[in-house]
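Q: I would like to learn how to read a structure that is new to me. Could you take me through it one feature at a time?

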Amino acid sequence: MGEIVLGMWTSHGPTLSTDPEQWTLRVVADKKRQHPFRGQTYDFDALVRLRAHEGLADKCSLAARKQRHAGCEAAIAEMAARFAAAKPDVAIIMGNDQRELFLDDLTPAITVFMGETLWDQPASPEQAARMPPGIHDAEWGHSPPERREYPACPQVAEHLVKSVIAEGFDVAVSRQLPEPPGHWSSGVPHAFGFIYRQIMRDKVIPNVPVIFNTFFPPNQPTAARCFAFGQAVGRALKTAFAGKRIAVFGSGGMSHFVIDEQLDRRIFEALRTRDQMALASIDEALLQSGSSELKTWIAAAGVLFDSDLTGDVVGYETCYRSEAGTGTANGFVAWQ
Ligand SMILES: [Fe+2]
């Protein structure tokens, strides 16, 4: 059996890889959308009214955005340093797909990558032209400057799949990354690419991507199911990766595209106290849109609560971009 030597929960979104001046490019889209927030749905102007007492104009000023951005950069540097210090040989990465691999023709709830090789590449000019404003600028943060291939762990992935299937988790498998023709994205989803680029700093260790549909109704696994799945993965790991040092990641979150600091604090507290019920019982209405990515954190917690690791919050930065409270709360937790 291997040894779990590192657990990391990290945000991965575009605010981490774009200048704070560019964050407001997304406000145009924010104004066109309906936003889930604390169980209700609001348009932009309704959110501005609802949150008028929170001082969000100050919190999304350029000065505040620069300060938050600097905090994120420091936290990412610390996460990368702790990753390097832990010297893991292999990784399990719980991440989500945001219509990068799986489209309307097929969207599995949970997919384990079982192939030999992962890959990623920058968008072609045609693909870049089809991305929403502010998204292509962030690409360097999760995609390499040229096509690169990375090692996966097909034997361990197969062992994990057999093990969780025996426990009643009917996961999908992929032996090669889907390449939908003419799609705007190619290669690994950014949830995984961010780990490769910014936490592993391009020294990508063999890893098993577990790809969750957190975003797209109606087949998102529930919080309770994600935690239980993580526990099943943890049990499977007890007979895998003999002699190896294992890192476990949850890649996503925290609250976005409307920031909810209450929800984020609740997650931090549940991790600190290893409170399974607190994670598994989070109302599904709170885990919609970008905040749904916190389910990858919950799945990672399912593995890590049963480990000997302990740790702390490395950073938490509420990267507000508008008076409606839109933006991304970026959080980072490491257990060694
Ligand atoms: Fe994401």
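The dialogue below goes from the metal site to the ring pairs, and then to a strand and a helix.

Q: What should I know about the model before I start?

A: This is a predicted model, in which local features need pLDDT of at least 70 and side-chain atom pairs count only at pLDDT 80 or more, while totals for chains, interfaces and linings use all residues. Residues are numbered from 1 along each chain as its sequence is written, and side-chain values use heavy atoms, with hydrogens and water left out.

Q: Which residues are the protein donors of the iron ion?

A: Donors are N, O and S atoms within 2.8 Å of the metal (3.2 Å for Na, K and Ca), and sites may look incomplete because water is not among the atoms. Here the protein donors are His12 through NE2, His190 through NE2 and Glu293 through OE, lying 2.1 to 2.6 Å from the iron ion. Along the chain these donors follow the spacing H-x177-H-x102-E. His12 lies in the loop between strand 1 (3-10) and helix 1 (27-32) and His190 in helix 7 (residues 190-199), so this pair ties together parts that are 178 residues apart in sequence. Helices (H or I, at least four residues) and strands (E, at least two) are DSSP runs, numbered from the N terminus.

Q: Are His12 and His190 buried or exposed?

A: Buried means under 20% relative accessible area, exposed means over 50%, and partly exposed lies in between (1.4 Å probe, protein chains only). By that reading, both His12 and His190 are buried.

Q: How many aromatic pairs does a search of the whole structure find?

A: Rings of Phe, Tyr and Trp (its six-membered ring) pair if their centres lie within 6.5 Å; planes under 30 degrees apart count as stacked, over 60 as edge-to-face and the rest as tilted. The search of the whole structure finds 12 such pairs. One of them is the tilted pair of Phe83 and Phe249, with 6.2 Å centre to centre and 35° between the planes. Phe83 belongs to helix 4 (residues 62-86) and Phe249 to strand 10 (residues 245-251), so the pair ties together parts that are 166 residues apart in sequence. Phe83 counts as buried at 7% relative accessibility, and Phe249 counts as buried at 0%. For Phe169 and Phe229, the ring centres are 5.5 Å apart and the planes are at 75°, so that pair is edge-to-face.

Q: Where do the side chains of a regular strand point, and which residues of strand 9 are buried on each side?

A: In a regular strand the side chains alternate between the two faces of the sheet. In strand 9 (residues 207-212), 6 of its 6 residues are buried, with Asn207, Pro209 and Ile211 on one side and Val208, Val210 and Phe212 on the other.

Q: Which strands pair with strand 9?

A: Two strands pair if DSSP finds at least two bridges between them. Strand 4 (residues 90-96) pairs with strand 9 in the parallel sense over 6 bridges, and Met94 stands opposite Val210. Strand 5 (residues 110-113) runs antiparallel to strand 9 and is joined to it by 3 bridges, with Thr111 as the bridge partner of Ile211.

Q: What do the buried residues of helix 6 pack against?

A: Contact means heavy atoms within 4.5 Å. The buried residues of helix 6, among them Val156, Leu160 and Val164, pack against strand 4, strand 5, strand 8, strand 9 and helix 8. Helix 6 is followed by Gly168, whose phi is positive, near 100°.
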